[in-house]
Amino acid sequence: MVDSQYFLPNDIGISALDCTEAFRLLSPREKLYAHYLSRSAWYGGLAVLLQTSPESASIFVLLQRLFRKQPAAQLESMATAAGLSPEEYQAFLVYAAGLYANMGNYKSFGDTKFIPNLPKEKLKALVWQSQAFQDSPSEMEALWDSCSTLLFSLEDQQKQLGLGDKGVTTYFSGNCCLEDAELAQKFLDSKGESRCGRYDFEDCVFMVSRGDYAYLMKKVSENLEKAKNHAANENQKRMLEEYAQSFTFGSIEAHKEGSRFWIKDKGPIVESYIGFIESYRDPFGSRGEFEGFVAVVNKAMSERFAKLVSSAEVLLPELPWPKDFEKDRFLLPDFTSLDVLTFAGSGIPAGINIPNYDDIRQSEGFKNVSLGNVLAVAYATQKDKLTFLDEEDKDMYIKWKGPSFEVQVGLHELLGHGSGKLFVQDEKGNFNFEQDNVRNPETGEQITTWYKGNETWDSKFSTISCSYEECRAECVGLYLCLNKHVLSIFGHEDEDAKEVVYINWLNMVRAGLLGLEFFTPESKSWRQAHMQARFVILRVLLEAGEGLVNLKESTGKDGRPDALITLDRSKVHTVGKAAIERFLCKLQVIKSTADVEGGRALYEGYSAVSDTGSHNFLRLRETVLLRKEARKMFVQANTRVKGHVELVEYEGSAAGLIRSFTERFADDAEEVEAHLLELNKRDAPCWC
């Protein structure tokens, strides 16, 4: 019996991302700009298949060939002939939709493998019955043989992404361990942006070459050049030129330069960003996964975020660390609410704070975006599916979850990720802080550690960097949502404001409990940065005591294990605020001072999941898995040029999601698939 966490359920939520009105309001020029940016993003997004697992690209091509020849409705008769029940065929459609939505066969949120919920021999029979197989039997058989074993395999190491014996990764070759990753990072830090060639380093030889994903990056760059012809201003043109340069020559500096022009492009109607951005899925926490998004500004909601930005310089001093630990100058960023047209990559977030280059964020600025049409469907909740809450809390939770999460996202992105200073000594020996005068507020002593030369937050804190930073940003959101001025910016006053605060904090502690789904006991590792962060916050608030948070195991009405988590709203502003204040200050001081040893001790301590202490979290994890709800998937529209730019939308179903992908690459499908398989073949020796 296979654990259900490795299947996607047949009734999984699948919703269409609505951007019809936002797209309609664009001018013809803006629509062309959005179209070519979208094409660029979709081609680049295919690289994620190669970044996820050795088999993902082959599975993708197998599915594309099946569904290009026969849409889901037509293929169903083949499934019946092959002996599949309606439930088994639906399970196959859900699997295919899941692979497209995650750009691989590992969940983008949680990094767990998922396999088809039907017997392998039945899926093989369906492939053999298909029109694609009838037309090209030898090619389809070879494709099946290349991926079918790993497609269904649930050997321990293959159940999740990870480094060495902890999981699967294509960021490192199969024989690499953590020590190898650390050595590679030291080499990279010593070289900055390395030129191609051979390097001797610490008794090892490093060979630097370029050309990974060359075909895909060429398609990305070609479409960026086309988009440039429809850009609204010089900043957009220069931005796209630098991005194309980056993807053509593999230049990080060019991408950083493009990001500088992107920051200067204030308040565009069509917003976008593209590149190897987030490092969540690199098991060492340093290398970026490809993503690209194109979205249209929601002006009404953006006005609220603009008010929050204008209040930032008043709110930043409210954060619980000394002014020396805050940036010398807060560079007022763009903060807009966007309706997503295209988000290519492994998943779609609710909000983004970019660029991720520390030096640019510290001295030149950044942008924040909240993805409005994602929030609208991703966090809609049905009462009968709400777990671990008291009945009295459920109605309020449903009413105020959306508004409270909007506040949390705004604070998390702008004043969470946007706050705090890194103490740096540059390559010339210059410090960006007064080394002799700045004191550690935790100890009262002088600062003795800092970042040197090419060191960055990610390279120093590596495996904990992503989750630690998400935890810091979440704590900022919890802390500042207690501020009445913040709540009034979002239109919440008096009793409504109190409900927003209560549900925001309640949602956080419940999310901490739900986060246990993403912990792997066998390897004692976390598979999702945000959920680990929320579990840490739950631990901090439980530790605060005085009845602030209560977590009890129970038996549900169905006779199965259950749990109940409650929050004493009368103690949020006192006990809760004091606990977050202390913890948040510690997080920032450690981050500012590059105190890796202290950071690991603090963060890994709160991240520990055990069956001892006041709560048996390992047993609670089993309860969470028993009652978990699958994460929703999104169906995105396509655009095509037929004299003018058309928006092509699809139904919110597995079949709709599949169709959106088969039509996404309709003009050059065979060429794209052939190159994907070639890129995959080129990497294959690395996994042995």
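Five strands, in the order S4-S5-S6-S8-S7, form an open sheet with mixed pairing. This is a predicted model. Elsewhere in it, the largest nonpolar core has 107 residues, and a second, separate core has 92. Helix H26 is largely enclosed by the rest of the structure, because 8 of its 11 residues are buried.

**The open sheet**

- Strand S4 (270-278) and strand S7 (351-354) stand at the edges of the sheet.
- Each edge strand has a single partner strand, so one side of each is left without a neighbour in the sheet.
- From one strand to the next, the twist averages 35°.
- S7 and strand S8 (residues 367-371) run antiparallel and are joined by 4 bridges.
- Ile-352 has Val-369 of S8 as its bridge partner.
- Helix H13 (residues 252-264) packs on the sheet and touches S4, S7 and S8.
- The direction of H13 makes about 150° with that of S4.
- Strands of a sheet pair through backbone hydrogen bonds, either parallel or antiparallel.

**Nonpolar cores**

- In the largest core, of 107 residues, Phe-60, Phe-67 and Phe-92 have the most contacts inside it.
- Helix H6 (residues 86-102) gives the most to this core, with 9 residues.
- Leaving aside neighbours within four places in sequence, Phe-92 is in contact with Leu-63, Leu-66, Phe-67, Leu-75, Leu-118, Leu-123 and Leu-126.
- The second core, of 92 residues, is separate and includes Leu-315, Tyr-451, Val-589 and Phe-617.

**Helix H26**

- H26 covers residues 654-664.
- Its buried residues are Ala-654, Gly-656, Leu-657, Ile-658, Ser-660, Phe-661, Thr-662 and Arg-664.

**Helix pair H2 and H11**

- The axes of H2 and helix H11 (residues 214-228) come within 8 Å and cross at roughly 170°.
- That angle makes H2 roughly antiparallel to H11.
- H2 makes the contact through Tyr-33, Tyr-36, Leu-37, Arg-39, Ser-40, Tyr-43 and Gly-44.
- H11 contributes Leu-216, Met-217, Lys-219, Val-220, Asn-223, Leu-224, Lys-226 and Ala-227.
- By type, the residues of this contact divide into 9 nonpolar, 3 polar and 3 charged.

- Strand S13 (residues 549-555) and strand S14 (residues 561-567) run antiparallel, joined by 7 bridges.
- Leu-551 has Ile-565 in S14 as its bridge partner.
- The hairpin has 5 residues between its strands.
- In this hairpin, Gly-559 takes a positive phi near 80°.

- Asp-568 is found in the loop between S14 and helix H23 (572-592).
- With a relative accessible area of 26%, Asp-568 is partly exposed.
- Not counting residues up to four places away in sequence, Asp-568 touches Gly-547 and Leu-548.
- Asp-568 and Ala-578 are 10 residues apart along the chain, and their C-alpha atoms are separated by 15 Å.

Conventions
Residues numbered from 1 in each chain as written. Predicted model: local features only at pLDDT ≥ 70, side-chain atom pairs only at ≥ 80, totals over all residues. Heavy atoms only, no water. Core = buried A, V, L, I, M, F, W, Y, C linked by side-chain atoms within 4.5 Å. Buried < 20%, exposed > 50% of the residue type's maximum accessible area, 1.4 Å probe, protein only. Helix = DSSP H or I, 4+ residues; strand = E, 2+ residues; numbered from the N terminus. Contact = heavy atoms within 4.5 Å. Pairing = 2+ DSSP bridges. Axes fitted to C-alpha atoms, helices over the stretch in contact; angles between N-to-C directions. Parallel < 35°, antiparallel > 145°, perpendicular 65-115°, else oblique. Nonpolar A, V, L, I, M, F, W, Y, C, P; charged D, E, K, R; others polar.
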